[in-house]
Amino acid sequence: MTRWGRISRDLVMILPVTVLAVLIFTAIFADVLAPYPYDKTALPERLTPPAWCEGGSTKHLLGTDTLGRDILSRAIYGARVSLSVSLLAIAITAIVGTALGIFSGYMGGRTDAFIMRVVDVALSFPALLLAILLAVSLGPGFFTVIFALSALGWAGYARIIRGEALRISTSDFVAQAQVIGVSPGRIMLRHIFPNILNILIVGITLSVGAMILAESAMSYLGIGIPPPVPSWGSMVADGRNSLDSAWWISTFPGILIGMVVMSGNFLGDWLRDRLDPRLRQL
Amino acid sequence: MSKIILQVEDLHSFFFTRRGVVKAVDGVSFYVREGETFGLVGESACGKTVTALSILRLLPEPAGRIVEGKVILDGTNLLELDKEEMRKYRGRIISMILQDPMTSLNPVYTIGDQIGEAMRLHQGLQGEMVEQEVISALRLLNIPSPETLLRQYPFQLSGGMRQRVAGAIAMSCHPRLLIADEPTTALDATIQAQYMALFKDIQKKTNVAIIYITHDFGVIAQMCHRVAVMYAGKIVETAMTREIFKTPKHPYTSALMNSVPRLDHKDERLYSIKGQPPSLRDLPPGCRFFPRCPVAEDICRQQEPAEKEITEGHFVSCWKVK
């Protein structure tokens, strides 16, 4: 491989890792990094454009929103909510869905049929309705959002993983493992799981964007994290009405969402290649 | 004569499907001695593999079930063991090599990991010990430079090498009985010959009993001490290999042998048995072979023939054999 080829291949990993690391870092140290508190309003300075635009000021680098709140500060704090909610919800749905999917695919028969009917119900249930229901009954808040996002999200994983697990269960190497006395639990964990990792990783990277957007949809409907705590999704939603006059309110959190989603996708691609032994040594 | 290690008695394994009961194995009895290679020969779908899976109790449940019979290994009836106990027999005392080497290895683990798995499981070995044992298992199969091989992945190996690795996995815990289900079918003729020589060598070293499943009489002639011919879920003839080649008694056995191409015969056309084997869902009364049998009589149509011992160790189920 040429020198440039190697650098560009590693760049695919380094860049997204850097982006995600920086964003997670800012989320953790938001209190130190943000120039203003996220809820500090300043009506005289409302709708200030970003610093490099006409009428902008260096006091608010990325401008202010309709209440005069600093966009940069809110975006920094917003990283907290957006990243923690989506990462936690992805972790929960991926773990539950994978476990059930492998179990269902490997056991087959009635167990499989039962789990898949539950998946059918979960997939056909309107997610937003459940979210509203949960928000009403539990009250809006951080854990309600995570619960609402996870309550149905596992089903998609379970369905995809189950199909793959079913295919792998009938393959000869699983039969070989059975023949030498490997226990069902170990077969599922050691023989089937590594072989579905590719699909799982693709599923996870795709759902990073979906989860952040779902969280923002909930915030938009007022059943997310209650205001004034910012999330990127709710910031995008806030700025929608003034998009023609004050584009900066929606744009910056939107760019951040895009960066996270793309970082996730690149990292997923890279990981998938690394985990495939056929590509590992090439 | 060495002692009998496995005795299968009147084994019935059926598949219960929506369209009826498939009698894949319908009353099979045989025994295998220590250090012996016992051949199980017959055309496709005659119940060879189901017999093997029944011995290991790995039929695809709940559709496939052992309905009746005994599988006695060293005095223990395997069919009476609970699942956990049975699992401890697999790999440690009975092991099996599957048909297709291309798919019987897990693509994501190194060869060393896969051969070591049974050792970790059954013998509780760890770390360095596993590696030592894996290397000696690979040596047993005459694999050159085992130290390099154990860090390689299945996709880096040729078909013949993969099948040797599958052999090493099966032999990794020094089982006393090895079932080989057409292990050479997917290999080309030269590799096949090497592989069979290897098996003989392993047997000499370890005294393992082998059940060799195949449809190829050539393989039987080279590998097996004794052989059983299966047809539609039953064993129709059992004898020493030499004897069965010299004096096949059952019409099916002779017909099968006539269907093998031979270098010393210059016939125009290869002999073939007319018709199809009966459906295992709907077996004819009487002898299962009578619709295709060249010498069938009325009695063959009406009653199933019982198994007769015509000379010592030579069993035949046929009305025409006196």
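Begin at the interface of this predicted model: select chain A and chain B together, where 17 residues of chain A are in contact with 26 residues of chain B. Next, hide chain A and keep the chain B side of the contact in view. Four elements of chain B each supply at least two residues to the side that touches chain A: α2 (83-89), β6 (94-97), α3 (111-123) and α6 (159-171). Of the elements in chain B, α3(B) gives the most to this side, with four residues. Colouring the chain B side by residue class shows 14 nonpolar, six polar and six charged residues.

The C-alpha trace of chain A spans about 75 × 60 × 30 Å along its principal axes. Of the 282 residues in chain A, 41% are buried. Among the contacts in chain A with a separation of 6 or more, 67% join residues 24 or more positions apart.

The average pLDDT of chain A is 83, and 94% of the residues score at least 70. Two helices mark the ends of the range in chain A: select α4 (residues 109-124), where confidence is highest at 91, and then α11 (residues 277-280), where confidence is lowest at a mean of 58.

The last stop is a pair of helices in chain A. Select α6 (residues 142-169) and α8 (residues 184-220) of chain A, whose axes come within 10 Å and cross at roughly 155°. Because this angle is over 145 degrees, α6(A) is roughly antiparallel to α8(A). The crossing of α6(A) and α8(A) is right-handed.

Show side chains to see which residues form the contact. From α6(A), the contributors are Val145(A), Ala148(A), Leu149(A), Tyr157(A), Ile160(A), Ile161(A), Glu164(A), Ala165(A), Ile168(A) and Ser169(A). From α8(A), they are Ile192(A), Asn195(A), Ile196(A), Ile199(A), Leu200(A), Gly203(A), Met211(A), Ala214(A), Glu215(A) and Met218(A). Coloured by class, the residues of the contact of α6(A) with α8(A) comprise 15 nonpolar, three polar and two charged.

Terms used
Residues are numbered from 1 along each chain as its sequence is written. Chains are lettered from A and ligands numbered from 1 in the order in which they are written. This is a predicted model: local features need pLDDT of at least 70, side-chain atom pairs count only at pLDDT 80 or more; totals for chains, interfaces and linings use all residues. Axes are lines fitted to C-alpha atoms, for helices over the stretch in contact, and angles run from 0 to 180 degrees between N-to-C directions. Angles under 35 degrees count as roughly parallel, over 145 as roughly antiparallel, 65 to 115 as roughly perpendicular and the rest as oblique. A crossing is left-handed if the near helix is turned anticlockwise from the far one by less than a right angle, and right-handed if clockwise. Two residues are in contact if their C-beta atoms, placed from the backbone, lie within 7 Å. Ala, Val, Leu, Ile, Met, Phe, Trp, Tyr, Cys and Pro count as nonpolar, Asp, Glu, Lys and Arg as charged, and the others, Gly among them, as polar. pLDDT is the predictor's confidence in each residue, from 0 to 100. A residue is buried if 20 or more other C-beta atoms lie within 10 Å of its own, exposed if 12 or fewer, and partly exposed in between; C-beta atoms are placed from the backbone.
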